[in-house]
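Thanks for making the time this morning.

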Amino acid sequence: MTVMTTQRLIVSGRVQGVGYRDYAVRQAKALGVTGWVRNTREGRVEMLASGEEEALERFVEACRSGPPLARVDAIDARPDTEERSAKGFTKRFTA
């Protein structure tokens, strides 16, 4: 049986202006994770990610590295109940 889960991630560090959102989209698509990613006005990146538990764990681990120019200081990952996207992983406007 497959366990689907949803997490909200807040990524801190040098994560804006370094291709982090595009990196997250590529990683999510490769792992079959759905949801969205956006910059925040506070200089962080926020994501809502849904998928099979193992795929979501691999996605969070990939996000800890980020693209070459990024520096991830911390990821706050918490379970979330927001309705998830049925398919795809998209970039959203800054919130």
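Let me begin with what I mean by a patch: it is made of residues with over 30% relative accessible area and no salt bridge, where like charges are joined within 9 Å and nonpolar side chains (Val, Leu, Ile, Met, Phe, Trp, Tyr) within 5 Å. Lys and Arg count as positive and Asp and Glu as negative, while His and the chain ends are not counted. The place of a charge is taken as NZ of Lys, CZ of Arg, CG of Asp or CD of Glu, and accessible areas come from the Shrake-Rupley method with a 1.4 Å probe, with only the protein chains shown counting as cover for residues.

Please keep in mind that this is a predicted model, in which local features need pLDDT of at least 70 and side-chain atom pairs count only at pLDDT 80 or more, whereas totals for chains, interfaces and linings use all residues. Residues are numbered from 1 along each chain as its sequence is written, and side-chain values use heavy atoms, with hydrogens and water left out.

With that in place, the surface carries a patch of negative charge in which Glu52, Glu53, Glu54 and Glu57 gather. Which element supplies the largest share of the negative patch? That is helix α2, residues 53-65, with 3 residues; helices (H or I, at least four residues) and strands (E, at least two) are DSSP runs, numbered from the N terminus. Glutamate 57 is in helix α2 and, at a relative accessible area of 49%, is partly exposed, given that buried means under 20% relative accessible area, exposed over 50%, and partly exposed in between (1.4 Å probe, protein chains only).

Staying with helix α2 for a moment, alanine 62 also has its place there, but this residue is buried, with a relative accessible area of 11%. Not counting residues up to four places away in sequence, alanine 62 touches Tyr23 and Gln27, where contact means heavy atoms within 4.5 Å. Between alanine 62 and aspartate 80, which are 18 residues apart along the chain, the C-alpha separation is 20 Å.

I turn now to the salt bridges, each being a side-chain nitrogen of Lys or Arg within 4 Å of a carboxyl oxygen of Asp or Glu. By this rule the count comes to 8 salt bridges. One of them joins the side chains of glutamate 46 and arginine 8, at 2.7 Å from N to O. This pair links distant parts of the chain, with glutamate 46 in strand β3 and arginine 8 in strand β1 (residues 4-14), 38 residues apart. Are these two partners buried or exposed? Both glutamate 46 and arginine 8 are buried, and together with Arg38 and Asp80 they are linked in a network of salt bridges.

Aspartate 76 and arginine 78 form another salt bridge, at 2.9 Å from N to O. Beyond its neighbours within four places in sequence, arginine 78 is in contact with Thr6, Gln7 and Arg8.

A further salt bridge, between arginine 44 and glutamate 42, has an N to O distance of 4.0 Å; arginine 44 is partly exposed at 33%, and glutamate 42 is exposed at 57%.

Leucine 9, in strand β1, is buried with a relative accessible area of 0%, and its contacts outside four places in sequence include Val45, Met47, Phe59, Val60 and Ile75. Leucine 9 and methionine 47 are 38 residues apart along the chain, yet their C-alpha atoms are separated by 5.0 Å.

Threonine 40 sits in the loop between β2 (34-39) and β3 (45-52) and counts as buried at 8% relative accessibility. Leaving aside neighbours within four places in sequence, threonine 40 is in contact with Gln16, Glu46, Thr94 and Ala95.
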